[in-house]
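Please examine the sequence and the structure shown below.

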Amino acid sequence: MSNIQPSQVPATKPANRRLDNFKDFYKKLRKNKAALVGLYVLVFLFFVSIFGALDANYNILGVNSNATNLTDKLLGPSAQYWFGTDHLGRDIFYRVLHGMYITLGVGFAATFMAALVGVPIGLLAGYYGGWLDTVIMRLMDVLLAFPGILLALAIVSVLGGSTFNVTVAIAIGALPQFARIVRGSTLTTRKLEYIDAIRALGARDGKIIFQHILPNIMSPIIVNTTLFVATAILSAAGLSFLGLGVQPPTPEWGAMLNDGRNYMYQAAHITFFPGMMIVIVVLAFNLFGDGLRDALDPKAKK
């Protein structure tokens, strides 16, 4: 008898499969030049914000962004003060640098909190349906009845102005958005044949929801998360501008806009630079989010 064994095809390693999936994703994303620019800008700002956080806490550059110097107040951009100084003589460049991790941190934290609660709620409502779906969605409709910024404004007015309270207020306003998107995707996925097959094999609801449905609806969750970070940053800056967000002298960009609004005609640079940074960050997130949606959409036309 022959000792020759039938050839066997080696199974693809999970690490190699993930690498191939990432290469395919990046190839699709690279076709969208605007999204790629947004991604590069966000990566750059991420590392800058880390450095800004280290400098703010450990004084690496030797400059205190909260230190006042009234003899140099309202100076325009120069070699000494790249972004000029504000009405208290504080260096705007270092305040923008040190405020970057605060602004981005609030945006990411609020989005994470909203997704952490909204995704499970949407999964339960979409999977079980019935009275549970009705109760959850009516509660979400109540939250949707209020514009996000007004709801956050009301919550912060009750809780008080602080970084944590602003983050919680923005997260609560975002709950309906995450819950409704996840619920809609779950309603579609739970009707597929492979879910019926898994259920017929005796799998429990928890395993079906978190091991089979959730991984297959991650694309809209990721896209919505990316796009909402920009909204959260705008909301946080708006609340700080109104005096209900991050409290002075913390160098948050919205609070810096509020500080400079009385000097716009004589020293426009006080509001220009923090305002321009908000525009750049929000635009980068929106560009990257749009490209991410196209790259993760399996129905997107090539």
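The following questions and answers set values against definitions.

The structure is a predicted model, in which local features need pLDDT of at least 70, side-chain atom pairs count only at pLDDT 80 or more, and totals for chains, interfaces and linings use all residues. Residues are numbered from 1 along each chain as its sequence is written, and side-chain values use heavy atoms, with hydrogens and water left out.

Q: Why is Thr226 called buried?
A: Buried means under 20% relative accessible area, exposed over 50%, and partly exposed in between (1.4 Å probe, protein chains only). Thr226 has 10% relative accessibility and therefore counts as buried.

Q: Where is Thr226 placed?
A: Thr226 lies in helix H9, residues 218-241. Helices (H or I, at least four residues) and strands (E, at least two) are DSSP runs, numbered from the N terminus.

Q: Which residues does Thr226 touch, not counting residues up to four places away in sequence?
A: Contact means heavy atoms within 4.5 Å. With that exclusion of residues up to four places away in sequence, Thr226 touches Phe285, Phe288, Gly289 and Leu292.

Q: What makes a set of residues a nonpolar core?
A: The set consists of buried Ala, Val, Leu, Ile, Met, Phe, Trp, Tyr and Cys residues joined through side-chain atoms within 4.5 Å. The largest such core has 35 residues, and Leu29, Trp253 and Phe285 have the most contacts inside it. Helix H11 gives the largest share of this core, eleven residues.

Q: Which other core is separate?
A: A second, separate core of 31 residues includes Val119, Leu151, Val156 and Val166.
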